[in-house]
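Student: I've got a fold to look at and would like to talk it through. Can you walk me along the backbone?

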Amino acid sequence: MALAGYPLMTAGRSFQLEGGATMKRHAKLLQTKVKVCKVHPAGRGHFEVVSPSGSTYVVVDTASGLICTCDWAAYHDTRSRPCSHALAVERWFSEAHGRLASFWSTPEDAARQHRRTRRVGTGLWMTERLAR
Ligand SMILES: [Zn+2]
């Protein structure tokens, strides 16, 4: 079984990485990408997410999870394999509650933070700490 990959948008293309060690690096890379996405609430559970390249995607908060209009989301279920835009909205939710979110590729890494932890996708965990 292939390990889950996550999107890395490069010049409008997405590709995925596989393998344990790569995933570990990838959680950090994803975290960096998530941080540089700008999230603008657009009402009724809709969010405009602007990527560093200037592309704007719409992420919708549905009863079953976050969905996105990007290329990655067209071919993957973002509820199990979230794109950086959906994760940027997860991060926005955390910030709205005065928390800072971090992403981890193993439950052990997440547990070491001793923070509130939530699985946000296949092989991806988010921890939250209070923003100071
Ligand atoms: Zn997306």
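This is a predicted model: local features need pLDDT of at least 70, side-chain atom pairs count only at pLDDT 80 or more; totals for chains, interfaces and linings use all residues.

Student: How many helices and strands does the protein chain have?
Tutor: Walk from the N terminus and the elements go β-β-α-β-β-β-β-α-α-β-α-β-β. Tally those up and the protein chain comes to four helices and nine strands.

Student: Where does Arg44 lie?
Tutor: Strand E3 covers 38–43 and strand E4 covers 46–50. That puts Arg44 in the loop between strand E3 and strand E4.

Student: Is Arg44 buried or exposed?
Tutor: Count C-beta neighbours inside 10 Å, and Arg44 has 7. The cut-off for exposed is 12 or fewer. So Arg44 counts as exposed.

Student: What is phi of Arg44 near?
Tutor: Most residues other than glycine have a negative phi. Arg44 isn't glycine, yet its phi is positive. The value is near 50°.

Student: Which loop holds His114?
Tutor: Helix H4 spans 107–111, and strand E8 spans 116–121. His114 sits in the loop between helix H4 and strand E8. As for its backbone, phi of His114 is positive, near 50°. The loop you asked about is the one between helix H4 and strand E8.

Student: Is His114 buried or exposed?
Tutor: His114 has 9 C-beta neighbours inside 10 Å. With that count, His114 is classed as exposed.

Student: What percentage of the protein chain do buried residues make up?
Tutor: The protein chain has 132 residues. Buried means 20 or more other C-beta atoms within 10 Å. The buried share is 37%.

Terms used:
Residues are numbered from 1 along each chain as its sequence is written. Helices (H or I, at least four residues) and strands (E, at least two) are DSSP runs, numbered from the N terminus.
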